[in-house]
Amino acid sequence: MNNSKIPIITDEGGIDFRALFDLLWNDRKAIIQITVVIMIIGVFYALQATPLYRSTITMYPAGEDRGGQLSQLQGMASTFGFDVGNGDPSIHIPDIVNSLRLKTKLINHRWDTDNFDIPVNLIHFWGIDDASSISLNPIVWIKALFPADEKPDKTLIRENEALNVISNRISVNENKYTGLITVSILMEEPELAAKMANFLHSAIVDFTTEIHGKQASLNREFIEDRQVGVKAQLTKAEEVLKEFRERNRSIIESPHLQLELGRFMRDVEIQAQIYITLKQQYELARIEEAKETPSVMILDGAKPAVKKIPLI
């Protein structure tokens with residue numbers, strides 16, 4: 001029977017379910033074939049897919065007290081027209097976790113695994129550097145048929161492929177109400193997943209400590225430069241006051257000279273106060289530069305998963 005001649009829509013605009021059944025019955029062979037193919041593909045994927053294990057770590061961003069003596073001195077210096085910065089730059093932990101810098105560090109780190117006798121990086125662990133492996137991606141086959149004039153670096157190709165894999169294995173979520181950060185990693189081995197999740201904490205601390213050190217060094221260098229300039233201005237103001245007093249030893253009877261003397265003394269006092277403020281802040285900046293402040297506080301460390309995650 002010609003399916004195109006079976007009227008499914010009635011003249012009243014409804015659906016003729018008998019005609020719909022006849023249409024499906026006539027195409028039953030194609031429907032069964034498609035269903036069987038999909039089932040075979042699903043079973044093949046379930047058998048071939050490597051089971052993955054999830055490990056999770058939770059952490060809080062470390063708070064920092066901005067109301068201490070350093071902040072007070074920064075406010076005092078700002079009243080004199082000096083911008084000495086506002087401390088560390090704002091760092092978003094989920095952005096660090098999703099950064100290529102941290103993922104590359106995870107890839108190139110050598111891990112102890114069950115499948116290898118020696119520590120290996122993830123490129124070797126996933127077999128990406130195996131020249132005998134056959135890719136199942138048809139795009140790779142098409143590119144192989146039409147090679148480019150300039151062959152890209154194989155090291156970069158392997159690293160990019162590993163980055164694509166690790167990007168799909170890491171998930172990070174931040175609770176907008178409590179600030180709790182949850183990071184999960186999926187790997188083929190439960191112990192390896194736990195090691196990588198715990199490794200993230202030290203990697204985040206190292207990164208933020210580096211940023212903190214650079215910012216503290218810039219702040220200390222800025223204060224040091226301003227200190228030199230203010231000291232020169234203070235010395236100049238003191239010399240002007242000294243010369244004025246030497247030229248005018250009798251100023252009690254002259255209101256004009258008394259006014260000039262008061263102005264010179266105020267200039268010396270202001271420059272001295274600025275210099276003292278910067279001197280104090282310079283010492284605190286040196287302490288801040290040497291201090292290593294943890295960027296995150298671990299709430300729950302990662303543990304090896306007992307069960308593999310269900311295949312999706």
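At what angle do helix 5 and helix 8 pack, and how far apart are their axes? The angle is about 105 degrees, and the axes are 10 Å apart. Helix 5 and helix 8 are therefore roughly perpendicular to each other, since angles from 65 to 115 degrees are put in that class. Before I go on, please keep in mind that this is a predicted model.

Here are the residues at that contact. Helix 5 supplies Leu100, Lys103, Thr104, Ile107 and Asn108. From helix 8 they meet Glu159, Ala162, Leu163, Ile166 and Ser167. By class, the contact of helix 5 with helix 8 divides into 5 nonpolar, 3 polar and 2 charged residues.

Let me step back to the whole chain for a moment. The protein has 10 helices and 4 strands. Read from the N terminus, the order of elements is α-α-β-α-α-α-α-α-α-β-β-α-α-β. There are 312 residues, and 29% of them are buried. If you take contacts between residues at least 6 apart in sequence, 73% of those contacts join residues at least 24 apart.

Back to helix 5, which covers residues 100-108. Which of its residues are buried? They are Leu102, Lys103, Leu106 and Ile107. These four lie on the same side of helix 5, because they cover an arc of only 140 degrees around the axis. As for what they pack against, there are several partners: helix 4 at 93-97, helix 6 at 122-125, helix 8 at 154-169, strand 2 at 170-174 and helix 9 at 190-247.

Helix 9 is the next partner to look at. The axes of helix 5 and helix 9 come within 11 Å and cross at roughly 130 degrees. That angle makes helix 5 oblique to helix 9. The crossing of these two helices is right-handed.

On the helix 5 side of this contact we have Arg101, Leu102, Lys105 and Leu106. On the helix 9 side we have Met196, Phe199, Leu200, Ala203, Ile204, Asp206, Phe207 and Glu210. Sorted by class, the contact of helix 5 with helix 9 has 8 nonpolar residues, no polar ones and 4 charged ones.

Now follow helix 9 to its packing with helix 10, residues 255-290. Are the two helices roughly parallel or roughly antiparallel? They pack at an angle of about 160 degrees, with axes 8 Å apart. Helix 9 and helix 10 are therefore roughly antiparallel. Their crossing is left-handed. The contact of helix 9 with helix 10 is made up of 19 nonpolar, 7 polar and 12 charged residues.

One is alanine 216, which sits in helix 9. It counts as buried because its relative accessibility is 6%, and the cut-off for buried is under 20%. Setting aside neighbours up to four places away in sequence, alanine 216 is in contact with Glu288 and Glu289. Alanine 216 and glutamate 288 are 72 residues apart along the chain, yet their C-alpha atoms are separated by 6.4 Å.

The other is glutamine 227, also placed in helix 9. At 9% relative accessibility, glutamine 227 counts as buried too. Beyond its sequence neighbours within four places, glutamine 227 touches Tyr275, Leu278, Lys279 and Tyr282.

Serine 184 is in strand 3, residues 181-187. Is serine 184 buried or exposed? With 10% relative accessibility, serine 184 counts as buried. Apart from residues up to four places away, serine 184 touches Arg54, Ser55, Thr56, Arg169, Ile170 and Ser171.

Glutamate 174 is in strand 2. At 37% relative accessibility, glutamate 174 counts as partly exposed. Its contacts, again leaving out neighbours within four places, are His92, Pro94, Gly179, Leu180 and Ile181. From glutamate 174 to threonine 58, 116 residues apart along the chain, the C-alpha separation is 9.7 Å.

That is everything I have for today.

Conventions:
Residues numbered from 1 in each chain as written. Predicted model: local features only at pLDDT ≥ 70, side-chain atom pairs only at ≥ 80, totals over all residues. Heavy atoms only, no water. Buried < 20%, exposed > 50% of the residue type's maximum accessible area, 1.4 Å probe, protein only. Arc of directions from axis to C-beta. Contact = heavy atoms within 4.5 Å. Axes fitted to C-alpha atoms, helices over the stretch in contact; angles between N-to-C directions. Parallel < 35°, antiparallel > 145°, perpendicular 65-115°, else oblique. Left-handed = near helix turned anticlockwise from the far one by under 90°. Nonpolar A, V, L, I, M, F, W, Y, C, P; charged D, E, K, R; others polar.
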